[in-house]
Amino acid sequence: MFKGIKDKFKYKSGLKFLKDQLKQPFPEVKRKKGITAIACLVDLDSFENANLFYEFVDEFSLRPNAVKIIGYKNYYDKNSPYATPVFSDKDLGWNGAIENSYVLEFLSREYDLLVNYYTVDNLLLQLMSVKTRARVRVGFMEVDEQYNDLILATPMNDFKTFKQELKKYLRVLNEIN
């Protein structure tokens, strides 16, 4: 019983942290214009094939290690192998902290582009989106527009269309040639 109450308080402290963060501008990223590093935040419960994001390497002529992917699962077994680094609800700490080594490594970098590949309001995904230092943020229209600079109206399960639309708009914004 104590664990349930403790988790509820952690969730409430995470919501409070998120609301406070959304009142402030996102952290400034001092990277030049152009796409050289991409972060992908993926809801693996809704979209399982996170390896498709590695197609950005060829699509945008990037270095092989330029795309970093981290996935969220509602629940995952630490003993099961996942191709993508994963975090879950049980990694939520106090004051919006996410206590997971993959998350710490992911958040330690700066990116040119953050792809918020989720369509549901989820505290952990939103916390990750707010904490990731990226110059341009892109996501879906189902999510609150505060989290994204560019909002695409494509179905989540149609990655090919998402990729084409993203490329089109990045050209318009002079981020890619």
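Analyst: The side chain of Asp112 makes a polar contact with the side chain of Arg135, at 3.5 Å. A polar contact is a pair of N or O atoms within 3.5 Å; within protein, one must be able to donate a hydrogen and the other to accept it, and residues adjacent in sequence count only if both atoms are side-chain atoms. This is a predicted model: local features need pLDDT of at least 70, side-chain atom pairs count only at pLDDT 80 or more, and totals for chains, interfaces and linings use all residues. Residues are numbered from 1 along each chain as its sequence is written, and side-chain values use heavy atoms, with hydrogens and water left out.

Asp112 is buried, at a relative accessible area of 1%. Buried means under 20% relative accessible area, exposed over 50%, partly exposed in between (1.4 Å probe, protein chains only). Leaving aside neighbours within four places in sequence, Asp112 is in contact (heavy atoms within 4.5 Å) with residues including Arg31, Lys32, Gly34, Arg135 and Val136.

Asp112 sits in strand β4. Strands (E, at least two residues) and helices (H or I, at least four) are DSSP runs, numbered from the N terminus. The open sheet has 6 strands in the order β3-β2-β1-β4-β5-β6, with parallel pairing. Two strands pair if DSSP finds at least two bridges between them. β3 (86-87) and β6 (150-152) stand at the edges with a single partner strand each, so one side of each lacks a neighbour in the sheet.

Helix α4 (residues 123-131) lies across β1, β2, β3, β4 and β5. In α4, 8 of the 9 residues are buried, among them Leu123 and Met128.

Technical notes:
Axes are lines fitted to C-alpha atoms, for helices over the stretch in contact, and angles run from 0 to 180 degrees between N-to-C directions.
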